[in-house]
Structure formats: C-alpha cells, structure tokens
Amino acid sequence: MVRSSLPWGLLIRRARIDRGLSQGALAHLAGISQAIVSYYERGRVTPPPDTVARLERVLDLKSGELRRALAGAGDASVRPTAAPVEPARSAFLGTIGAVGWRSETFDLPAGDDGGDLAFAVDLRSHAFLVVIDAEGSGPAAVPVARLAAACAFGAIVSPGGGVPAVEDVVEPTVRLWPFVGLSTQSASICVVSFERRSRRLRQCRLGLPPPFLRSGRLAQWTGKPEGPAGAFTGEYKLDEDALLVVATDGAAHLPTKGSGPLWNSPELRTLLAHATDPGEIVDMLAQRAVEPAAGERVDDRLAVAVML
C-alpha cells in the first residue's frame, strides 16, 4: 500500500492496521501506552525522535518515512513538545492491564484530556473496574472525573480490610456531590468486581449504558434498579473467556452503518458474539469515531473491553 502522502497520524494508523495490530499491541511493542498511540494517531501529540524510530521499526515502515511525514506536516498539524509527556489519564488507564486481564481501551477525549475515565484495582482475591463519565466534556470535565475517581478508589481500598460490595463503591460518589456544591448527576459511574476463584462478576451502574457481557447466553447486562439512587445492580457467574465491554455515553452513541447508536446495532452485537480479542472491539470503535466538523460539540468517548 502506498502511504507516503498520508498525514503522519493516519500513516501510523494505516500501518498498524495493515500489520493486524490493535492499539494496545502496538503500544506494547513500541514501549508506550495505548493512550499515547491514540494521541499519535489523531495528531494530538508529536512523538519524540526515539519513539519515531521505534514506530518505524515495529510498523515495518521505510527508514525515515514517518520522520518525513512529521516534518512535512508543519506547524498547522503538529503540536511540538519539548519532551514526551504522558497524559495524566494514561496512569489511570494503565492500571486496567496491570491486574492481569487481556484488555484494550478506546480512549478519545474531546480535548487533550476529558471527563471520561477508567481504572482498575487489584485486591488479590478480587479485581475492580471503575468507569466514570463526568458531566460535560474535555478539560472542563476533568476535575469532576478525578474527584469521582478518588472517591471510588478510596471506597475500594478503605481502611478496615475486606472486599467492599460494588454498591458501597458507588454510594459515596452519589453522596459526595451535594457536599461540594454539585448536582447528584455530576458523574455517571459503573463499578464491576470480579472474584477470581468463583469467577463471579458483580456490577453497580448509575447513569451509564448497560455493559455488554458475553458469557453463556447472556449478551447485555442490564441488572435491576436496586442500588443507591436507583443504580442498576446485578451479578453473574462467568464461563471461561467471557468478554466484558463497558462504555460511556459518547462511545455508545458513535454512528453506525445503519441508523441508531452503535450500542444497539446488529454489527456490534455480531462482533461481540465472535470476538476473540478485545482489540477487535476497540478497532471497531476507532473506525466509527469520525472527526467532528469545525465548531461541532463532541463528547468524550471511552470504552473498556476485557477478556475474563
């Protein structure tokens, strides 16, 4: 494939897809985070020279091909940086793979940072996944997302030991907002706990789309409105190689080939039924994420796909 005339971010993306790599796989081979790969492919952050050389090698590009694409982009499409800086959000997202799951994250904030956030906590017998969607989008929503994350993390690792119920992680975030002068809907949240020995998964979800869970006959995990503030709760014993996908509203409402949002589309359900790697889910989401028109408001978009 001739790629020499492509913008440098698209050059990285096309070369990655040609090699059959997910963003997470490329990140691993290049020694960077998946969030940084996403930023590179969108032209949000300029890779430093040593990373350019590694990307050319990993992606089987000709020597200097990516460097020339970067040089030809000029100031209009490249944001030069004095030194490579990892976005703070990558520290949160990086915890998801650290708990031993096969996972991929689709992360497309509306700006250099955003109010959609996810992280995982390993308690040995259990692992927790927390996905947050703060009100608003882009950098303006970051403080609320960080506050909700701190509150949820504190509830998971609270003094006294033991493993908290998922409802006990969601409830403090619901109670938090009036104390800081915000509305009770300042952030949506989904908390999932996975007990490793029994393979039992539990969720408590307030305001986010229903997670997809492929395990046996179960396709979409709705739960019952029995948690704090009407949050949906539920649990399920998983088969081997179960697939869990949790998304924020922005990712769930990406466009489809037909009509309606992606979360209710036959194409996504078909992929979920047959996917063998979480990277397949992330690649579909990336293909549906078109760049917004000038002046168009866009939501943060985040989804986490995990094989359990």
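A crossing of two helices is termed left-handed if the near helix is turned anticlockwise from the far one by less than a right angle, and right-handed if clockwise. This is a predicted model, in which local features need pLDDT of at least 70 and side-chain atom pairs count only at pLDDT 80 or more, whereas totals for chains, interfaces and linings use all residues. Residues are numbered from 1 along each chain as its sequence is written, and side-chain values use heavy atoms, with hydrogens and water left out.

**View 1. Packing of helix 7 and helix 8.** The crossing of helix 7 with helix 8 is right-handed. Axes are lines fitted to C-alpha atoms, for helices over the stretch in contact, and angles run from 0 to 180 degrees between N-to-C directions. Val-144, Leu-147, Ala-148, Cys-151, Ala-152, Ala-155 and Ile-156 of helix 7 meet Asp-168, Val-169, Pro-172, Thr-173, Leu-176 and Trp-177 of helix 8 (contact: heavy atoms within 4.5 Å). By class, the residues of this contact comprise eleven nonpolar, one polar and one charged. In this scheme Ala, Val, Leu, Ile, Met, Phe, Trp, Tyr, Cys and Pro count as nonpolar, Asp, Glu, Lys and Arg as charged, and the others, Gly among them, as polar.

**View 2. Packing of helix 10 and helix 11.** The axes of helix 10 (residues 266–274) and helix 11 (residues 278–288) come within 10 Å and cross at roughly 160°. That angle makes helix 10 roughly antiparallel to helix 11. The crossing is right-handed. Glu-267, Leu-268, Leu-271 and Leu-272 of helix 10 are in contact with Glu-280, Ile-281, Met-284 and Arg-288 of helix 11. Five nonpolar, no polar and three charged residues make up this contact.

**View 3. Cysteines without a disulfide.** The structure holds zero disulfides, a disulfide being a pair of cysteine sulfur atoms within 2.5 Å. The closest cysteine sulfur to that of Cys-190 belongs to Cys-204, at 8.1 Å, too far for a bond. Cys-190 is buried, at 1% relative accessibility, and Cys-151 is likewise buried, with a relative accessible area of 18%. Buried means under 20% relative accessible area, exposed over 50%, and partly exposed in between (1.4 Å probe, protein chains only).

**View 4. Helix 4 and the residue Asp-60.** In helix 4 (residues 49–58), the residues Thr-51, Val-52, Leu-55, Glu-56 and Val-58 are buried. Just after this helix, Asp-60 adopts a positive phi of about 60°.

**View 5. Positive phi in two loops between strands.** Arg-124 lies in the loop between strand 2 (116–122) and strand 3 (126–134). Its phi is near 70°, a positive value in a residue other than glycine, and Arg-124 is exposed, with a relative accessible area of 75%. Asp-241 is placed in the loop between strand 8 (232–237) and strand 9 (243–247), where its phi, also positive, is near 55°.

**View 6. The chain as a whole.** The chain has eleven helices and ten strands; helices (H or I, at least four residues) and strands (E, at least two) are DSSP runs, numbered from the N terminus. Of the 308 residues in the chain, 54% are buried. Among contacts with a separation of 6 or more, 67% involve residues 24 or more positions apart.

Notes
Angles under 35 degrees count as roughly parallel, over 145 as roughly antiparallel, 65 to 115 as roughly perpendicular and the rest as oblique.
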